[in-house]
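Take a look at the model below. We'll walk through some charged pairs, a sheet and a pocket.

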Amino acid sequence: MNWVKYLIFILVFGQLQAQKVTVSREIIVRNNLNYDIFPNIGDHTLFYHDRGSEQIFEIYDESLKFIREVEPEFEVRNIQPVAVVPLDSTLNFYYNYREDGNLITRAIRFDKDVNMIDSLTISIRDKNRTNTNARYVISNDKSKVLLFTPLDKQILLQLIDNRNLKIIYEYTLSIDGINLRAEFDKITLTDQGDIYIITRKNSL
């Protein structure tokens with residue numbers, strides 16, 4: 001069965017006295033592994049499609065009229081997206097890829113037209129020692145992004161200044177008596193960069 005979704009934008013003016021409804025062009029998501037919508041990137045709205053070997057952005061103007069579709073170029077075709085974090089007029093795209101025996105983690109900043117305006121190599125690690133992809137959490141004010149990777153009885157923490165696209169620190173955490181890979185439950189990140197890790201332990 002083919003699935004087609006339509007993206008419907010509702011603009012509300014004043015105290016709900018008037019409404020304008022704009023229906024976009026047909027948006028096909030059946031081939032997507034993931035997708036998301038990012039309004040108010042400058043005066044554009046971006047619809048993101050993760051199609052595995054393709055990363056696609058559809059760009060709409062402020063009146064929600066389709067402008068064009070963009071497929072950014074990366075170092076290799078098969079990347080692993082980690083996080084897409086919108087800011088006021090830009091979008092930070094975090095991802096992993098494997099090359100020459102290494103697992104490389106990078107971030108790219110795109111403008112409202114999905115042009116690259118900055119980039120950051122976060123880490124280059126031996127892929128044989130890191131067999132899981134990074135996960136992430138974002139502070140409420142979007143000023144910081146924490147990439148975390150559960151390792152063998154440890155957890156790799158990479159804290160990023162999301163606004164300036166700079167590494168704050170990278171640290172491999174281990175705690176005596178706690179297997180951070182097997183017993184990890186949840187992690188939270190404050191606007192100040194404080195990290196809270198919740199673990200679970202079977203008492204039986």
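Lys112 is partly exposed, with a relative accessible area of 27%; that label covers the range between buried (under 20%) and exposed (over 50%), using a 1.4 Å probe and protein chains only. Keep in mind that this is a predicted model, where local features need pLDDT of at least 70, side-chain atom pairs count only at pLDDT 80 or more, and totals for chains, interfaces and linings use all residues. Residues are numbered from 1 along each chain as its sequence is written, and side-chain values use heavy atoms, with hydrogens and water left out.

So who does Lys112 pair up with? Its side chain meets that of Asp43 in a salt bridge, meaning a side-chain nitrogen of Lys or Arg within 4 Å of a carboxyl oxygen of Asp or Glu. Lys112 sits in the loop between strands E9 (102-110) and E10 (116-126), and Asp43 in the loop between E3 and E4, so the pair ties together parts that are 69 residues apart in sequence. Strands here are DSSP runs (E, at least two residues), numbered from the N terminus. Asp43 is partly exposed as well, at 33%.

By this rule the count comes to six salt bridges. Here are some of them:

| Pair | N to O distance |
|---|---|
| Lys112 and Asp43 | 2.9 Å |
| Arg77 and Glu54 | 3.5 Å |
| Arg77 and Glu71 | 3.5 Å |

Glu54 is partly exposed, at 27%, and so is Glu71, at 38%.

Now for the sheet. Four strands make an open sheet in the order E3-E4-E5-E6, with antiparallel pairing; two strands count as paired if DSSP finds at least two bridges between them. E3 and E6 (66-70) are at the edges with a single partner strand each, so one side of each has no neighbour in the sheet. E5 (residues 55-60) and E6 run antiparallel and are joined by four bridges. Within E6, Val70 stands opposite Phe57.

What lines the second largest pocket? Among the lining residues are Asn34, Phe38, Tyr48, Pro81 and Tyr136. A pocket is an open set of points on a 1 Å grid over the protein atoms alone, where a 1.4 Å probe fits, with protein on both sides within 12 Å along at least five of seven lines; lining residues have an atom within 4 Å of a point. E7 gives the most to this lining, with four residues.
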